[in-house]
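Keep the structure in view as you read.

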Amino acid sequence: MQRAVIAGSVYFLLLFALGFMLGTVRVLLVIPYVGTLVATMLEVPVMLAAAYVVCPRVIRRFKVPPERPARWVMALVFLILLALFESALGSLLFNRTMADQWAALSTPAGMLGLSAQIIAALFPLRIATP
């Protein structure tokens, strides 16, 4: 299980770094022109494609067993770290309360982003690796 925890952490770090960069571009450059929902719709496919490429590489690199318990651990570690870091960033960078952050998830853009995060979290369960 240790391999799955490390793999989930690395998977998170790689996607979070990319998401932070894309999110910065989205907020500063794209949203003013097309709005939040369209900007999120442009970002989601890029993030999911990155997850699709990164996930099997991380699984192979850390030799995560193909059995479901190990893959679930990887997925849950990814999702928990993502929730913690997104909450911390929302609080520190945007001065959002947890209530504000939960409210943002109830918007169409928030639901789309959350759905993409859940899909990315489930990739370790669905991606077969040699």
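## The largest pocket

Helix H3 gives the largest share of the lining of the largest pocket: 11 residues. The pocket is lined by 43 residues in total. Among these, Arg26, Glu86, Arg96, Leu105 and Gln117 lie nearest its centre. The elements that give two or more residues to the lining are H1 (2-34), H2 (36-61), H3, H4 (98-105) and H5. Helices here are DSSP runs of H or I with at least four residues, numbered from the N terminus.

The volume of the largest pocket is about 1,400 Å³. A pocket is an open set of points on a 1 Å grid over the protein atoms alone, where a 1.4 Å probe fits, with protein on both sides within 12 Å along at least five of seven lines; lining residues have an atom within 4 Å of a point. The volume is the space filled by probe spheres set on the points. The lining divides into 27 nonpolar, 12 polar and four charged residues. Ala, Val, Leu, Ile, Met, Phe, Trp, Tyr, Cys and Pro count as nonpolar, Asp, Glu, Lys and Arg as charged, and the others, Gly among them, as polar.

## About the model

This is a predicted model, in which local features need pLDDT of at least 70, side-chain atom pairs count only at pLDDT 80 or more, and totals for chains, interfaces and linings use all residues. Residues are numbered from 1 along each chain as its sequence is written, and side-chain values use heavy atoms, leaving out hydrogens and water.

## A nonpolar patch

Eight names make up a nonpolar patch on the surface: Trp72, Leu76, Ile80, Leu84, Phe85, Leu114, Ile118 and Leu122. Together they have about 720 Å² of accessible area, calculated by the Shrake-Rupley method with a 1.4 Å probe. Patch residues have over 30% relative accessible area and no salt bridge, and nonpolar side chains (Val, Leu, Ile, Met, Phe, Trp, Tyr) are joined within 5 Å.

Helix H3 (68-94) and helix H5 (108-126) each give two or more residues to the patch. H3 gives the most, with five. Leucine 76 sits in H3. It is partly exposed, at 44% relative accessible area. Buried means under 20%, exposed over 50%, and partly exposed in between.

## One salt bridge

The structure holds one salt bridge. Such a bridge needs a side-chain nitrogen of Lys or Arg within 4 Å of a carboxyl oxygen of Asp or Glu. Here arginine 26 pairs with glutamate 43, and their closest N and O atoms are 2.3 Å apart. Arginine 26 lies in H1 and glutamate 43 in H2, so the pair ties together parts 17 residues apart in sequence. Glutamate 43 is buried, at 13% relative accessibility.

## Two positive phi angles

Most residues other than glycine have a negative phi. Lysine 63 has a positive phi of about 50°. Lysine 63 is in the loop between H2 and H3 and is exposed, at 56%. Asparagine 95 also has a positive phi, near 55°. Asparagine 95 is in the loop between H3 and H4 and is exposed, at 69%.

Which residue is 47 residues from valine 58 in sequence, yet 6.4 Å away in space, C-alpha to C-alpha? That residue is tyrosine 11. Valine 58 lies in H2 and is buried, at 5% relative accessibility.

Valine 10 lies in H1. It is partly exposed, at 23%. Valine 10 and phenylalanine 62 are 52 residues apart along the chain, with C-alpha atoms separated by 9.4 Å.

Methods: Patches are made of residues with over 30% relative accessible area and no salt bridge: like charges are joined within 9 Å, nonpolar side chains (Val, Leu, Ile, Met, Phe, Trp, Tyr) within 5 Å. Buried means under 20% relative accessible area, exposed over 50%, partly exposed in between (1.4 Å probe, protein chains only).
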